[in-house]
Amino acid sequence: MEEFDVSLGFRVNRDHTKADASTVRAFADIPTSIISDNMGRMVGAGPGVRPFHRFEGGEGRLVGTALTVKTRPGDNLMIHKAADVAQPGDVIVVEAGGDLTNALIGELIISHARSRGVVGFVIDGAVRDLDVLSADTFPVFGAGATHRGPYKDGPGEIGVRISLDGMVIEPGDIIVGDQDGVVSIPQTDAETVLAAARKQIEAEAKTLAAIKGDGWDRSWVDKILRDRGCDGI
């Protein structure tokens, strides 16, 4: 009878480098839309991953480093383990296939993770206890909600490369979330993205000032249309 390596699907990998703390903090005030613009508009967790918490007075934004989890749909065994091994500043990011049959996190595991310094959750699956989540500014992003709870059998893996709706996330990457959704910035690209994002923020501030003052030069719209051969300009 053929034997299989049962460690596949049951692995906890803590050997990864996190993004520099000062670089992570630098993204605290950068909107996800600006970050996305400066990553070619090619990344993002997709419209299905949305915030389930409250935003108030600057609270509710998510900024931290990814503690990645891959689990089978409907099972949160390895999410529990991730909460046990998490370090302050971690965001628990879970690839779970987008399945909404069973909620993967709720008030109890969120409270435990927060006590260990976890700064947020991103789940491509369902959550529950919305009365608690929606009344708090602690960042919780998910794909849906259901009262039905999870199984705790595995398999699952921690500290591995994952993908949320096409957005590839490596352990230790920078995670940013706001009302528009979630984006992950690879460590190798962080400084480049940060510089470009700051430049765009400055440019947009000038545009807003122009709109309120002398007006925004809109000649670029007709130029593009003419270049495309548009009639009736």
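Visitor: On what basis are residues and features reported?
Guide: Residues are numbered from 1 along each chain as its sequence is written, and side-chain values use heavy atoms, with hydrogens and water left out. The model is predicted: totals for chains, interfaces and linings use all residues, side-chain atom pairs count only at pLDDT 80 or more, and local features need pLDDT of at least 70.

Visitor: At what angle do helix 3 and helix 4 pack?
Guide: Helices here are DSSP runs (H or I, at least four residues), and strands are runs of E of at least two. Axes are lines fitted to C-alpha atoms over the stretch in contact, with angles from 0 to 180 degrees between N-to-C directions. The axes of helix 3 (residues 77-85) and helix 4 (residues 107-115) are 8 Å apart, and the angle is about 25°.

Visitor: Which residues of helix 4 make the contact with helix 3?
Guide: Contact means heavy atoms within 4.5 Å. Helix 3 contributes I79, H80, A83 and D84, and its partners in helix 4 are I109, H112 and A113.

Visitor: Which peptide bond is cis?
Guide: Most peptide bonds are trans. With omega of about 0°, the cis bond is the one joining G154 and P155.

Visitor: What is the phi of D129?
Guide: Most residues other than glycine have a negative phi. D129 lies in the loop between strand 7 (126-127) and helix 5 (130-133). Although D129 is not a glycine, its phi is positive, at about 65°.
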